[in-house]
Amino acid sequence: MALFHFEKKKEEKKPCCCGSAAPVAEEANCCCGKAVDGICCVKVLGTVCKSCHQLYENTKAAVRALGLPLTVEYVTDLAKIMEYGVMSMPAIVVNETVVSTGKVLKADDVEKLLHKLGY
């Protein structure tokens, strides 16, 4: 219904996490070809509180333990966090998809989560 601008919004794909303008493929592989085992980026969203920082450290340890040559990004900008629709922090984002919110996972739990997701 265009009269009141209630027409459906077109779904926009988020750009690739590596900064490329090409959209992320639906099978969760990065468009830049840097994906390792299907993972091209891992982000921890949160403020600079103790819980958020602990999840960041645990996620870095899990990525290192899995042998993935990736760097874990720590996003503290609230505007960027709101783009993901996250209301409960800390949160983990893998390939631009939120996979965990509101919990401080241990490194072993992050590894299990990544395996469960098929990475």
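# A guided tour of the predicted model

The structure holds two salt bridges, a salt bridge being a side-chain nitrogen of Lys or Arg within 4 Å of a carboxyl oxygen of Asp or Glu. The model is predicted: local features need pLDDT of at least 70, side-chain atom pairs count only at pLDDT 80 or more, and totals for chains, interfaces and linings use all residues. Residues are numbered from 1 along each chain as its sequence is written, and side-chain values use heavy atoms, with hydrogens and water left out.

## The whole chain

Begin with the entire protein in a cartoon view. Its secondary structure comes to three helices and four strands; helices (H or I, at least four residues) and strands (E, at least two) are DSSP runs, numbered from the N terminus. Along the sequence, these elements follow the pattern β-α-β-α-β-β-α.

Next, display the surface. The accessible surface comes to about 7,700 Å², and 53% of this belongs to carbon and sulfur atoms; the areas come from the Shrake-Rupley method with a 1.4 Å probe, and for residues only the protein chains shown count as cover. Of the 119 residues, 35% are buried, where buried means under 20% relative accessible area, exposed over 50%, and partly exposed in between (1.4 Å probe, protein chains only). Among contacts (heavy atoms within 4.5 Å) between residues at least 6 apart in sequence, 58% join residues at least 24 apart.

## Helix α1

Within α1, colour C52, L55, Y56, N58, T59, A62 and V63, which are buried. Their cover includes β1, β2 (72-75), β3 and α3. Just after the helix, select G67, which takes a positive phi of about 75 degrees.

Remaining on α1, show the side chains of E57 and K60. These two form a salt bridge, with the closest N and O atoms 3.6 Å apart. Because E57 and K60 are three residues apart in helix α1, about one helical turn separates them. Both ends are partly exposed: E57 has a relative accessible area of 31%, and K60 has one of 25%.

In soluble globular proteins, nonpolar side chains tend to be buried together.

Centre the view on V42. Leaving aside residues up to four places away in sequence, V42 touches T59, V63, L70, T71, V72, E73, I92 and V93.

Now select K43 and E96. Their side chains meet in a salt bridge of 2.9 Å, N to O. The pair links distant parts of the chain, with K43 in strand β1 and E96 in the loop between β3 and β4 (97-101), 53 residues apart. Both K43 and E96 are buried, and the relative accessible area of E96 is 14%. E96 also has a positive phi of about 65 degrees, although it is not a glycine.

Move to N95, found in the loop between β3 and β4. Is N95 buried or exposed? N95 is buried, with a relative accessible area of 3%. The side chain of N95 reaches the backbone nitrogen of C40 at 2.8 Å. N95 has a positive phi of about 50 degrees although it is not a glycine.

## A cis peptide bond

Finish at M89 and P90. A cis peptide bond joins M89 to P90, with omega at about 5 degrees. P90 is found in the loop between α2 (78-83) and β3.

Key: Polar contact = N/O pair within 3.5 Å; in protein donor to acceptor, adjacent residues only side chain to side chain.
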